[in-house]
Amino acid sequence: MNLPFYSPSAILRAANTEHTERAPSRGPFGRPREKDLRAVVNAILYIASTGCQWRQLSKDFPPYSIVQGYFYGWSRDGRFTSINYICW
């Protein structure tokens, strides 16, 4: 089975496109985002490619609890399914 290869930059573009389309506009209240979403997506791709555990995430990425929270939220939200649909 010959599966197409998508570079990490293509996946990030799809993720950013999906995020900007589905992200609600920020209201007048709430804290500004402290972590870069690109770093979070890079950390998720790192975990998927290396198979490491959450707590063994490299210090070059945001804390594992933040990455894990985004991952579980996006999984429940259906964001990864829509990104896979865009890439395929």
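Tyr-46 is partly exposed, at a relative accessible area of 30%. The term covers the range between buried (under 20%) and exposed (over 50%), with a 1.4 Å probe and protein chains only. Phe-61 is also partly exposed, at 22%. This is a predicted model, where local features need pLDDT of at least 70, side-chain atom pairs count only at pLDDT 80 or more, and totals for chains, interfaces and linings use all residues. Residues are numbered from 1 along each chain as its sequence is written, and side-chain values use heavy atoms, without hydrogens and water.

Now the ring pairs. The structure holds five aromatic pairs. Rings of Phe, Tyr and Trp (its six-membered ring) pair if their centres lie within 6.5 Å; planes under 30 degrees apart are stacked, over 60 edge-to-face, and the rest tilted. Tyr-46 and Phe-61 have ring centres 5.1 Å apart and planes at 40°, so this pair is tilted. Tyr-46 sits in helix α2 (residues 37-50), and Phe-61 in the loop between α2 and α3 (64-77), 15 residues apart. Helices are DSSP runs (H or I, at least four residues), numbered from the N terminus.

Trp-54 and Phe-71 form another tilted pair, 5.5 Å centre to centre with 55° between the planes. Trp-54 lies in the loop between α2 and α3 and Phe-71 in α3, so the pair ties together parts 17 residues apart in sequence. Phe-71 is partly exposed, at 26%. Ring pairs link Trp-54, Phe-71 and Tyr-72 into a cluster.

Finally, α3 itself. Its 14 residues should span 20 Å, taking 1.5 Å times one less than the number of residues. The end C-alpha atoms are 19 Å apart, which agrees. Gly-78 follows α3, with a positive phi near 90°.

Methods
Helices (H or I, at least four residues) and strands (E, at least two) are DSSP runs, numbered from the N terminus.
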